Amino acid sequence: MKIEKLDIPNLTEIEWQELYDFTAELFAELYPHESSISLDYVKRIFSETYDDTVCEQYVTKKDDKIIAKVRFAFTKPNALTKEGDIDNVFIDIRVRKDYRRKGFATHLLSYVLKEKLHERHKKIYLSASGSPGYEFCASFDGNISGESFSSRLFFDKTDWENIEKINSKSKEKSHEITAIVTDGVNRESESEYFDIYLEMFEELSKYREDDHFNKELTRKRLKEDKEKEKKEGIKCFVSWARDENGNLIGISELLLSPDNPKKLTTSLTGVTKKHRKKGLCLRMKTDLLLYAKKNLPEVKYVWTSNDKDNAVMRGINHKLGFVAENPYRAYVYKTEEMKKKLGIL
(Lines give C-alpha, C1' and ligand atoms only; values in the text may rest on other atoms or scores of the structure.)
Protein backbone atom coordinates (compact mmCIF):
# COMPACT_ATOMS: atom_id res chain seq x y z
CA MET A 1 0.00 0.00 0.00
CA LYS A 2 1.06 3.58 -0.63
CA ILE A 3 2.77 5.47 2.18
CA GLU A 4 1.93 9.18 2.45
CA LYS A 5 3.69 11.92 4.41
CA LEU A 6 1.57 13.98 6.80
CA ASP A 7 2.18 17.61 5.89
CA ILE A 8 0.96 18.85 9.28
CA PRO A 9 1.00 22.63 8.67
CA ASN A 10 -1.02 22.22 5.45
CA LEU A 11 -3.53 19.50 6.34
CA THR A 12 -7.08 20.16 5.15
CA GLU A 13 -10.01 19.85 7.55
CA ILE A 14 -10.90 16.52 5.92
CA GLU A 15 -7.36 15.24 6.50
CA TRP A 16 -7.44 16.47 10.10
CA GLN A 17 -10.69 14.56 10.59
CA GLU A 18 -9.09 11.39 9.20
CA LEU A 19 -6.16 11.81 11.60
CA TYR A 20 -8.54 12.51 14.48
CA ASP A 21 -10.61 9.38 13.79
CA PHE A 22 -7.45 7.27 13.78
CA THR A 23 -6.03 8.84 16.95
CA ALA A 24 -9.33 8.81 18.87
CA GLU A 25 -9.84 5.11 18.16
CA LEU A 26 -6.40 4.18 19.46
CA PHE A 27 -6.79 6.48 22.47
CA ALA A 28 -10.12 4.89 23.43
CA GLU A 29 -8.53 1.44 23.21
CA LEU A 30 -5.58 2.37 25.42
CA TYR A 31 -7.61 4.41 27.93
CA PRO A 32 -11.14 2.98 28.06
CA HIS A 33 -11.98 4.77 31.32
CA GLU A 34 -10.99 8.22 30.08
CA SER A 35 -13.20 10.74 28.30
CA SER A 36 -12.76 11.01 24.54
CA ILE A 37 -10.24 13.43 23.07
CA SER A 38 -11.21 16.44 20.96
CA LEU A 39 -10.16 17.48 17.47
CA ASP A 40 -8.49 20.59 18.95
CA TYR A 41 -6.40 18.35 21.22
CA VAL A 42 -5.23 16.28 18.23
CA LYS A 43 -4.36 19.42 16.28
CA ARG A 44 -2.33 20.77 19.20
CA ILE A 45 -0.41 17.56 19.85
CA PHE A 46 0.43 16.92 16.20
CA SER A 47 1.46 20.54 15.61
CA GLU A 48 4.05 20.66 18.43
CA THR A 49 7.56 21.32 17.16
CA TYR A 50 11.05 22.03 18.56
CA ASP A 51 13.75 24.01 16.78
CA ASP A 52 16.42 21.41 17.49
CA THR A 53 14.39 18.35 16.40
CA VAL A 54 13.30 16.90 13.06
CA CYS A 55 9.98 15.09 13.30
CA GLU A 56 8.16 13.51 10.37
CA GLN A 57 5.08 11.32 10.20
CA TYR A 58 3.82 8.95 7.52
CA VAL A 59 0.59 7.03 7.15
CA THR A 60 -0.79 4.06 5.27
CA LYS A 61 -4.38 4.46 4.04
CA LYS A 62 -7.15 2.22 2.77
CA ASP A 63 -10.17 3.84 1.11
CA ASP A 64 -9.09 7.26 2.48
CA LYS A 65 -8.94 5.80 6.00
CA ILE A 66 -5.69 5.87 7.96
CA ILE A 67 -4.91 2.34 9.11
CA ALA A 68 -1.31 2.78 10.28
CA LYS A 69 1.03 5.64 11.17
CA VAL A 70 4.72 6.04 11.93
CA ARG A 71 6.36 8.97 13.68
CA PHE A 72 10.12 9.31 13.70
CA ALA A 73 12.21 12.04 15.24
CA PHE A 74 15.87 12.86 15.63
CA THR A 75 18.06 15.68 16.91
CA LYS A 76 19.62 18.09 14.44
CA PRO A 77 23.45 17.93 14.27
CA ASN A 78 23.80 21.57 15.34
CA ALA A 79 21.48 21.25 18.34
CA LEU A 80 22.53 22.06 21.91
CA THR A 81 23.03 18.46 22.92
CA LYS A 82 25.66 15.85 23.61
CA GLU A 83 27.39 14.50 20.53
CA GLY A 84 26.07 10.96 20.93
CA ASP A 85 22.44 12.12 20.88
CA ILE A 86 22.52 12.91 17.16
CA ASP A 87 23.19 9.21 16.50
CA ASN A 88 19.73 8.25 17.77
CA VAL A 89 16.36 8.11 16.05
CA PHE A 90 13.03 7.63 17.86
CA ILE A 91 10.23 5.73 16.15
CA ASP A 92 6.63 5.21 17.20
CA ILE A 93 4.28 3.05 15.10
CA ARG A 94 0.52 2.72 15.58
CA VAL A 95 -1.88 0.40 13.72
CA ARG A 96 -5.66 0.19 13.92
CA LYS A 97 -6.85 -2.91 15.76
CA ASP A 98 -8.48 -4.60 12.75
CA TYR A 99 -5.28 -4.32 10.70
CA ARG A 100 -2.71 -5.65 13.15
CA ARG A 101 -0.47 -8.64 12.55
CA LYS A 102 -0.82 -8.11 8.80
CA GLY A 103 2.58 -6.55 8.14
CA PHE A 104 1.63 -2.87 8.14
CA ALA A 105 3.90 -1.96 11.07
CA THR A 106 6.84 -3.82 9.54
CA HIS A 107 6.18 -2.14 6.19
CA LEU A 108 6.30 1.34 7.75
CA LEU A 109 9.38 0.53 9.83
CA SER A 110 11.20 -0.79 6.76
CA TYR A 111 10.28 2.34 4.81
CA VAL A 112 11.68 4.67 7.46
CA LEU A 113 14.91 2.71 7.87
CA LYS A 114 15.47 2.39 4.14
CA GLU A 115 14.39 5.81 2.92
CA LYS A 116 14.58 8.33 5.76
CA LEU A 117 17.45 7.59 8.14
CA HIS A 118 20.86 9.24 7.87
CA GLU A 119 24.16 7.38 8.04
CA ARG A 120 24.91 8.85 11.47
CA HIS A 121 21.84 7.16 13.03
CA LYS A 122 23.44 4.24 14.85
CA LYS A 123 20.67 3.53 17.37
CA ILE A 124 16.93 3.10 16.97
CA TYR A 125 14.38 3.49 19.74
CA LEU A 126 10.95 1.91 19.27
CA SER A 127 8.14 2.68 21.70
CA ALA A 128 5.00 0.78 22.70
CA SER A 129 2.17 1.30 25.18
CA GLY A 130 0.62 -2.15 25.29
CA SER A 131 0.27 -5.49 23.58
CA PRO A 132 0.64 -6.23 20.68
CA GLY A 133 3.07 -3.28 20.57
CA TYR A 134 5.31 -5.02 23.10
CA GLU A 135 5.30 -8.17 20.98
CA PHE A 136 6.22 -6.25 17.84
CA CYS A 137 9.13 -4.44 19.52
CA ALA A 138 10.35 -7.61 21.26
CA SER A 139 10.37 -9.54 17.96
CA PHE A 140 13.47 -7.59 16.88
CA ASP A 141 15.42 -8.64 19.99
CA GLY A 142 15.88 -5.17 21.41
CA ASN A 143 16.56 -4.24 25.02
CA ILE A 144 14.13 -2.21 27.10
CA SER A 145 15.91 1.10 27.72
CA GLY A 146 13.13 2.78 29.68
CA GLU A 147 9.74 2.02 31.17
CA SER A 148 7.15 4.35 32.66
CA PHE A 149 3.63 3.99 34.03
CA SER A 150 0.64 6.23 33.40
CA SER A 151 -1.88 6.41 36.22
CA ARG A 152 -5.11 8.24 36.91
CA LEU A 153 -6.99 9.53 39.91
CA PHE A 154 -10.74 9.86 39.25
CA PHE A 155 -12.32 12.47 41.49
CA ASP A 156 -15.64 10.62 41.88
CA LYS A 157 -13.75 7.58 43.22
CA THR A 158 -11.27 9.49 45.37
CA ASP A 159 -11.29 9.06 49.14
CA TRP A 160 -11.24 12.78 49.92
CA GLU A 161 -11.30 12.19 53.65
CA ASN A 162 -8.06 10.25 53.28
CA ILE A 163 -6.57 13.03 51.11
CA GLU A 164 -7.34 15.58 53.83
CA LYS A 165 -5.81 13.34 56.52
CA ILE A 166 -2.64 12.91 54.47
CA ASN A 167 -2.51 16.66 53.89
CA SER A 168 -2.88 17.41 57.60
CA LYS A 169 -0.22 14.88 58.66
CA SER A 170 2.27 16.08 56.03
CA LYS A 171 1.82 19.68 57.21
CA GLU A 172 2.57 18.63 60.78
CA LYS A 173 5.68 16.78 59.61
CA SER A 174 6.96 19.80 57.68
CA HIS A 175 5.59 22.57 59.88
CA GLU A 176 8.69 24.74 59.42
CA ILE A 177 8.10 24.84 55.64
CA THR A 178 5.81 27.30 53.87
CA ALA A 179 3.77 25.95 50.94
CA ILE A 180 1.34 27.92 48.80
CA VAL A 181 -0.62 27.25 45.59
CA THR A 182 -0.62 29.84 42.80
CA ASP A 183 -2.42 30.10 39.49
CA GLY A 184 0.50 30.32 37.07
CA VAL A 185 4.15 31.40 37.31
CA ASN A 186 4.89 35.12 37.42
CA ARG A 187 7.97 36.71 35.82
CA GLU A 188 9.68 37.24 39.18
CA SER A 189 9.54 33.51 39.97
CA GLU A 190 10.53 32.13 36.55
CA SER A 191 14.28 31.87 37.22
CA GLU A 192 13.98 29.80 40.43
CA TYR A 193 11.15 27.82 38.83
CA PHE A 194 13.40 26.73 35.96
CA ASP A 195 16.36 26.12 38.28
CA ILE A 196 14.49 23.61 40.45
CA TYR A 197 12.96 21.97 37.37
CA LEU A 198 16.44 21.42 35.93
CA GLU A 199 17.65 19.92 39.20
CA MET A 200 14.73 17.46 39.22
CA PHE A 201 15.08 16.62 35.51
CA GLU A 202 18.77 15.87 35.90
CA GLU A 203 17.96 13.38 38.64
CA LEU A 204 15.09 11.80 36.67
CA SER A 205 17.34 11.35 33.64
CA LYS A 206 19.30 8.75 35.60
CA TYR A 207 16.33 6.39 35.42
CA ARG A 208 16.81 6.01 31.66
CA GLU A 209 19.76 4.06 30.35
CA ASP A 210 20.66 6.34 27.42
CA ASP A 211 19.25 9.65 28.60
CA HIS A 212 22.01 12.25 28.22
CA PHE A 213 20.94 15.24 30.32
CA ASN A 214 21.92 18.59 28.88
CA LYS A 215 21.19 21.54 31.15
CA GLU A 216 21.29 24.26 28.49
CA LEU A 217 19.06 22.35 26.07
CA THR A 218 16.58 21.41 28.79
CA ARG A 219 16.26 25.01 29.98
CA LYS A 220 15.67 26.12 26.38
CA ARG A 221 12.90 23.55 25.91
CA LEU A 222 11.28 24.37 29.24
CA LYS A 223 11.06 28.01 28.23
CA GLU A 224 9.63 27.01 24.84
CA ASP A 225 7.03 24.82 26.55
CA LYS A 226 5.97 27.63 28.87
CA GLU A 227 5.53 30.03 25.96
CA LYS A 228 3.45 27.41 24.11
CA GLU A 229 1.28 26.87 27.18
CA LYS A 230 0.48 30.58 27.36
CA LYS A 231 -0.21 30.77 23.63
CA GLU A 232 -2.53 27.75 23.72
CA GLY A 233 -4.40 28.87 26.83
CA ILE A 234 -3.09 26.04 29.03
CA LYS A 235 -3.36 26.93 32.71
CA CYS A 236 -0.84 25.80 35.29
CA PHE A 237 -1.40 25.52 39.03
CA VAL A 238 1.78 25.41 41.09
CA SER A 239 2.50 24.47 44.68
CA TRP A 240 5.67 26.15 45.97
CA ALA A 241 7.50 24.90 49.07
CA ARG A 242 10.00 27.25 50.72
CA ASP A 243 12.30 26.88 53.72
CA GLU A 244 12.55 29.28 56.67
CA ASN A 245 14.75 31.63 54.59
CA GLY A 246 12.34 31.74 51.66
CA ASN A 247 14.44 29.51 49.39
CA LEU A 248 12.48 27.36 46.94
CA ILE A 249 13.00 23.73 47.95
CA GLY A 250 10.07 21.95 46.28
CA ILE A 251 7.55 22.28 43.50
CA SER A 252 4.48 20.47 42.20
CA GLU A 253 2.44 21.42 39.15
CA LEU A 254 -0.86 20.59 37.45
CA LEU A 255 -1.77 21.61 33.90
CA LEU A 256 -5.26 22.21 32.50
CA SER A 257 -5.78 22.41 28.75
CA PRO A 258 -8.82 24.15 27.23
CA ASP A 259 -9.28 21.27 24.79
CA ASN A 260 -9.95 18.84 27.67
CA PRO A 261 -11.34 20.71 30.73
CA LYS A 262 -12.11 17.42 32.49
CA LYS A 263 -8.45 16.39 32.72
CA LEU A 264 -5.60 17.72 34.86
CA THR A 265 -2.06 16.61 34.01
CA THR A 266 0.76 16.48 36.52
CA SER A 267 3.89 18.10 35.17
CA LEU A 268 6.48 17.59 37.91
CA THR A 269 6.67 17.06 41.65
CA GLY A 270 10.01 17.18 43.39
CA VAL A 271 11.93 18.28 46.47
CA THR A 272 15.62 19.09 46.84
CA LYS A 273 17.60 16.24 48.43
CA LYS A 274 18.30 18.06 51.69
CA HIS A 275 14.57 18.43 52.46
CA ARG A 276 13.26 14.98 51.60
CA LYS A 277 11.51 12.56 53.95
CA LYS A 278 9.45 15.36 55.46
CA GLY A 279 6.25 14.58 53.58
CA LEU A 280 6.62 17.60 51.30
CA CYS A 281 5.70 15.79 48.07
CA LEU A 282 2.53 14.50 49.69
CA ARG A 283 1.81 17.95 51.09
CA MET A 284 2.20 19.72 47.74
CA LYS A 285 0.27 17.11 45.77
CA THR A 286 -2.62 17.03 48.23
CA ASP A 287 -2.64 20.84 48.38
CA LEU A 288 -3.12 20.86 44.61
CA LEU A 289 -5.77 18.12 44.66
CA LEU A 290 -7.79 19.94 47.30
CA TYR A 291 -7.36 23.21 45.40
CA ALA A 292 -8.63 21.56 42.20
CA LYS A 293 -11.61 19.99 43.97
CA LYS A 294 -12.62 23.38 45.35
CA ASN A 295 -11.87 25.64 42.37
CA LEU A 296 -12.12 23.47 39.23
CA PRO A 297 -15.58 21.84 39.28
CA GLU A 298 -15.35 20.59 35.67
CA VAL A 299 -12.29 18.44 36.35
CA LYS A 300 -13.00 14.71 36.57
CA TYR A 301 -9.54 13.18 36.94
CA VAL A 302 -5.78 13.74 37.17
CA TRP A 303 -3.29 11.99 34.87
CA THR A 304 0.36 11.38 35.69
CA SER A 305 3.31 9.31 34.48
CA ASN A 306 6.36 8.04 36.34
CA ASP A 307 9.44 6.01 35.47
CA LYS A 308 9.34 2.41 36.64
CA ASP A 309 12.38 2.92 38.87
CA ASN A 310 10.94 6.03 40.52
CA ALA A 311 9.54 3.92 43.33
CA VAL A 312 9.09 6.85 45.73
CA MET A 313 6.75 8.84 43.51
CA ARG A 314 4.88 5.77 42.34
CA GLY A 315 4.35 4.86 45.99
CA ILE A 316 3.08 8.38 46.75
CA ASN A 317 0.60 8.21 43.86
CA HIS A 318 -0.61 4.79 44.97
CA LYS A 319 -1.16 6.13 48.49
CA LEU A 320 -3.31 8.94 47.06
CA GLY A 321 -5.42 6.52 45.03
CA PHE A 322 -3.91 6.76 41.55
CA VAL A 323 -4.47 3.59 39.48
CA ALA A 324 -1.58 2.53 37.22
CA GLU A 325 -2.08 1.29 33.65
CA ASN A 326 0.00 -0.62 31.11
CA PRO A 327 3.57 0.70 31.00
CA TYR A 328 5.05 2.74 28.17
CA ARG A 329 8.26 1.04 27.02
CA ALA A 330 11.17 2.18 24.89
CA TYR A 331 13.24 -0.52 23.18
CA VAL A 332 16.72 0.17 21.81
CA TYR A 333 18.39 -1.48 18.80
CA LYS A 334 21.53 -1.10 16.72
CA THR A 335 20.50 0.21 13.31
CA GLU A 336 22.55 -2.29 11.32
CA GLU A 337 21.13 -5.24 13.23
CA MET A 338 17.58 -3.98 12.76
CA LYS A 339 18.12 -3.55 9.03
CA LYS A 340 19.44 -7.08 8.75
CA LYS A 341 16.37 -8.46 10.50
CA LEU A 342 14.15 -6.54 8.08
CA GLY A 343 16.18 -7.75 5.08
CA ILE A 344 17.11 -4.28 3.87
CA LEU A 345 20.92 -4.52 4.19
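**View 1. Asp287 sits in helix α8.** What we have here is a predicted model, in which local features need pLDDT of at least 70, side-chain atom pairs count only at pLDDT 80 or more, and totals for chains, interfaces and linings use all residues. Residues are numbered from 1 along each chain as its sequence is written, and side-chain values use heavy atoms, with hydrogens and water left out. Helices (H or I, at least four residues) and strands (E, at least two) are DSSP runs, numbered from the N terminus. Is Asp287 buried or exposed? Asp287 is buried, at a relative accessible area of 12%; buried means under 20%, exposed means over 50%, and partly exposed is in between (1.4 Å probe, protein chains only). The side chains of Asp287 and Asn167 are joined by a polar contact of 2.8 Å. For a polar contact, two N or O atoms must be within 3.5 Å; within protein, one has to be able to donate a hydrogen and the other to accept it, and residues adjacent in sequence count only if both atoms are side-chain atoms. Skipping residues up to four places away in sequence, Asp287 touches Asn167, Lys171, Ala179, Val181 and Ser239, where contact means heavy atoms within 4.5 Å.

**View 2. Strand β4 (residues 88–95) holds Asp92.** Asp92 is buried, with 14% relative accessible area. Which side chains does the Asp92 side chain pair with through polar contacts? One is Arg94, at 2.8 Å, and another is Ser127, at 2.6 Å. If you leave aside neighbours within four places in sequence, Asp92 is in contact with Lys69, Val70, Arg71 and Ser127.

**View 3. Helices α1 and α2 cross at roughly 95°.** Their axes come within 10 Å; axes are lines fitted to C-alpha atoms, for helices over the stretch in contact, and angles run from 0 to 180 degrees between N-to-C directions. That makes α1 and α2 roughly perpendicular to each other, a label for 65 to 115 degrees (under 35 is roughly parallel, over 145 roughly antiparallel, and the rest oblique). On the α1 side, Glu13, Trp16, Gln17, Leu19, Tyr20 and Thr23 make the contact, and on the α2 side it's Leu39, Val42, Lys43, Phe46 and Ser47. Which residues of α2 (residues 39–47) are buried? They are Val42, Arg44 and Phe46, and the buried residues of α2 pack against α1 (13–30), β2 (53–62) and β3 (65–75).

**View 4. Thr23 is a residue of helix α1.** Thr23 is buried, with a relative accessible area of 18%. Not counting residues up to four places away in sequence, Thr23 touches Ile37, Val42 and Phe46. How far is Thr23 from Arg94, in sequence and in space? They are 71 residues apart in sequence and 9.1 Å apart in space, going C-alpha to C-alpha.

**View 5. The largest nonpolar core has 30 residues.** A nonpolar core is a set of buried Ala, Val, Leu, Ile, Met, Phe, Trp, Tyr and Cys residues joined through side-chain atoms within 4.5 Å. As background, nonpolar side chains tend to be buried together in soluble globular proteins. The residues with the most contacts inside the core are Ile91, Ile93, Leu109, Leu113, Ile124, Leu126 and Met338. Two or more residues come from each of β3, β4, α3 (104–116), β5 (123–128), α4 (133–138), β12 (323–334) and α10 (335–342). Which element gives the largest share? That's α3, with 6 residues. Take Leu109: beyond its neighbours within four places in sequence, Leu109 is in contact with Ile91, Ile93, Leu126, Phe136, Phe140, Met338 and Leu342. A second, separate core has 27 residues, including Leu264, Val271, Ala292 and Leu320.

View 6. For context, most residues other than glycine have a negative phi, and most peptide bonds are trans. Arg101, in the loop between β4 and α3, isn't a glycine but has a positive phi of about 60°. Arg101 is exposed, with a relative accessible area of 64%. Asp141 has a positive phi too, near 60°, and is found in the loop between α4 and β6 (143–154). Asp141 is exposed, at 57% relative accessible area.

**View 7. Confidence averages a pLDDT of 90 over the protein.** pLDDT is the predictor's confidence in each residue, from 0 to 100. In this model, 95% of the residues score at least 70. Where is confidence lowest, and where is it highest? The lowest is helix α7 (residues 215–231), at a mean of 84, and the highest is helix α8 (residues 280–295), at 97.
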